[in-house]
Amino acid sequence: MTTTDDGTVPQEVPHIQRIEVNQLQCLRIQTARAELLVAEQGAQVLRYQVHGQEPVVWMSEEAAFEAGNSVRGGIPVCWPWFGDLMRNPPQVQALHAGGRLPAHGLVRGIEWSLQESAIEGDSVRLVLAIPPVQDSPGLRHLPAGLELRLEILLDDRLHLNLTTRNGSEQHIALTQALHTYFAVSSIHEVAVEGLEGRRYIETLEGWAEREQKRELVVSGETDRIYLDLPPQLAIRDDGWKRRIRIEASGSTSAVVWNPWASKARRLSQFADDAWQRMLCIETANVMEDLVELAPGEEHTMGVAMWAE
């Protein structure tokens, strides 16, 4: 019988294991190539790391892993709106009337259910879904029959596919994002490739529309909505001598975010210097790239990511 250095019997790979991380129930996936950790709350990816390499996904050192609260880092799911609801298109706002509503939608702090899990060769597939909206207190104002599921596939890459199905009897409009925090060696050592010549909205300067002239180098607080994007972007990290490839489908918009030093000190679950170790590129359907679904229609927004 083979044992590890600490005398325990190693588990066969790939495998799926349920574990607790503070207050959260999580699924830990190990393959011969990589490790993935997914919280059932929010269907939030918390870790994605290829063995022997730096993490692809960043997680805050001060993350709380508390029930009811989104965890700082990983890949939160923002749905059925992104950001401040009042900054969303009118047809998105119309679905949500009254009361103070949180940024980034309604599903980050609720429990999703594991619908499917499968191991095929060295690949692992999970499907998680929100509860029926009529049975969830925070979702009851949504049309009955509206469904959301997230398919997660781990092979030589990490693939996420977020599908909304309108099983209701009314037309719906939504915005959404897979709010990915990418791990970087240093924000001063990276550039984002693929944005050249693309329109963006500069939210920090009156929501003015501008054009990206060259690859993006982040040199201060950044909160931009990029539009009309190609399917693939990349983070070139000279410090770790790698590129993180980001390949989107069902999406032509993305948000690029880094709080920089001043705002970092005001964020929860965020060390004062953590802005130097992360960069968010959020695959999205926002602004004019919103999703509109007639009864019976569905839409899938996806992203695949890998480092090379």
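## Close-up views of a predicted model

View 1. β18 (242–249) and β19 (253–258) each supply at least two residues of the lining of the largest cavity, where strands (E, at least two residues) and helices (H or I, at least four) are DSSP runs numbered from the N terminus. The lining includes L229, I246, A248, S253 and T283, and the cavity holds about 70 Å³ of space. A cavity is a set of points on a 1 Å grid over the protein atoms alone where a 1.4 Å probe fits but cannot get out, and lining residues have an atom within 4 Å of a point. The volume is the space filled by probe spheres set on the points, which are joined across faces, edges and corners. Two cavities of 30 Å³ or more are found in the whole structure.

The model is predicted, with local features needing pLDDT of at least 70 and side-chain atom pairs counting only at pLDDT 80 or more, whereas totals for chains, interfaces and linings use all residues. Residues are numbered from 1 along each chain as its sequence is written, and side-chain values use heavy atoms, with hydrogens and water left out.

**View 2. The tilted pair of W58 and F270.** Five aromatic pairs are found in a search of the whole structure, counting rings of Phe, Tyr and Trp (its six-membered ring) whose centres lie within 6.5 Å, with planes under 30 degrees apart called stacked, over 60 edge-to-face and the rest tilted. The ring centres of W58 and F270 are 5.6 Å apart and the planes stand at 55 degrees, so this pair is tilted. The pair links distant parts of the chain, with W58 in the loop between β4 (44–50) and β5 (77–78) and F270 in the loop between α2 (260–264) and β20 (278–285), 212 residues apart. W58 is buried, with a relative accessible area of 5%, and F270 is also buried, at 3%; buried means under 20%, exposed over 50% and partly exposed in between, using a 1.4 Å probe and protein chains only. W58 and F270 form one aromatic cluster with Y181 and W257.

**View 3. The tilted pair of W260 and W275.** The ring centres of W260 and W275 lie 4.4 Å apart with the planes at 40 degrees, so the pair is tilted. W260 belongs to helix α2, while W275 is in the loop between α2 and β20. W260 is buried at 17% relative accessible area, and W275 is buried at 9%.

Note on methods:
1 Å grid on protein atoms, 1.4 Å probe; cavity = no way out; pocket = protein on both sides within 12 Å on 5 of 7 lines; lining within 4 Å.
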